[in-house]
Amino acid sequence: MHTVQLSGVRKRFSPRGRWVLDGVNLTADSGTVTVIAGGNGSGKSTLLRMVVGASEPTSGRLRLRARSVGYVPERLPAALRMTANQYVEHMGRLRGLSSSAAATRATGLFDRLQLRPGPDVPISSLSKGNNQKVALTQALLAEPELLVLDEPFSGLDAPAGAALDDLLATARDNGAAVLVSAHGTKVVRGADLTLVLAAGRLRAGELDRFDALDRTTWMELVLRAVTDEASVRDLPAVAGHEQAGGRLTVRTQDADAVLRVALTAGWSLVEARRADGAV
């Protein structure tokens, strides 16, 4: 029986917007590691958010058969004031672990991932790589049946990356279905299947064509906003921008990240299109 099954899943964020996902079919079984490779803005984060129930498909069918899910988002909220220990123990209690069991499990994971400077400092003060180690620890606490990781190797040093490879292999051997997104042609050791997400669809066996696929993910976003240069600098992955007539146009390789920041700031999306003119 499939742990995750997507059939003809489509997703767009406005009635006339482009299809971020356009007919995605995917199955993930227990005891397997599946990698979704793709460029920034290709829809990997959108796909994984739907798998864990944080977003709904516009159309198509999604079936999830897992009693417990561990999820590593693209990034933890920036404003978290808790220490790593406080946050992870809280997440453990939400998943039915006692405080002592959560603390013991967290200590072992922090040691394996080499969290620096340690678990007793605020998460907001950690580097990107160490922030990622906290996110990984909370996802792995309760040994979930489904483990969904959005670019989990991002920012990790080599020892932590090797430790994560071992942790994913252990999760698979314990019967978990593991879904991992990866930028470009990042190879996840021991993966059972690697798929490329491009033009809204998943394809197998196309990693040799990835460079060409990645270039198609450049997006130009037109946002209705009154802003200043400081606000523009806060947007992630912006390669250029223009401001005129109360609108801000940005050129980016990470459309999902720009949209999240812009919509949180109260801006509205007017149009999204690829830099080559395709909608």
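Which order do the strands of the open sheet of three strands have? I read the order as β2-β1-β4, with antiparallel pairing. The model is predicted, so I kept to its thresholds: local features need pLDDT of at least 70, side-chain atom pairs count only at pLDDT 80 or more, and totals for chains, interfaces and linings use all residues. Residues are numbered from 1 along each chain as its sequence is written, and side-chain values use heavy atoms, with hydrogens and water left out.

Entry 1, the three-stranded sheet. I took helices (H or I, at least four residues) and strands (E, at least two) as DSSP runs numbered from the N terminus, and counted two strands as paired if DSSP finds at least two bridges between them. The edge strands are β2 (21-29) and β4, each of which pairs on one side only. From one strand to the next, the twist averages 10°. Strand β1 (residues 2-11) runs antiparallel to β4 and is joined to it by five bridges. I looked up Gln5 and found Arg63 as its bridge partner in β4.

Entry 2, the six-stranded sheet. I noted a second open sheet, with mixed pairing and the order β5-β6-β7-β3-β8-β9. Its edge strands, β5 (69-72) and β9 (201-204), each pair on one side only. Direction ignored, neighbouring strands of this sheet are turned by 20° against each other on average. Strands β3 (residues 32-38) and β8 (residues 193-198) pair in the parallel sense over four bridges. Within that pairing, Ile36 has Leu195 of β8 as its bridge partner.

I used contact in the sense of heavy atoms within 4.5 Å; axes are lines fitted to C-alpha atoms, for helices over the stretch in contact, and angles run from 0 to 180 degrees between N-to-C directions. Helix α4 (residues 128-140) lies across β5 and β6 and runs at about 170° to β5.

I checked α2 (residues 84-94) against α3 (residues 99-113): the axes come within 9 Å and cross at roughly 125°. These two helices are therefore oblique to each other (angles under 35 degrees count as roughly parallel, over 145 as roughly antiparallel, 65 to 115 as roughly perpendicular and the rest as oblique). Residues of this contact include Val88 and Arg93 of α2 and Ala106 and Phe110 of α3. I then turned to α3 and helix α5 (residues 158-173), which pack at about 130° with axes 8 Å apart. Here Leu109, Arg112 and Leu113 of α3 meet Ala160, Ala163, Leu164, Asp166 and Leu167 of α5.

How many salt bridges does a search of the whole structure find? I recorded six, each a side-chain nitrogen of Lys or Arg within 4 Å of a carboxyl oxygen of Asp or Glu.
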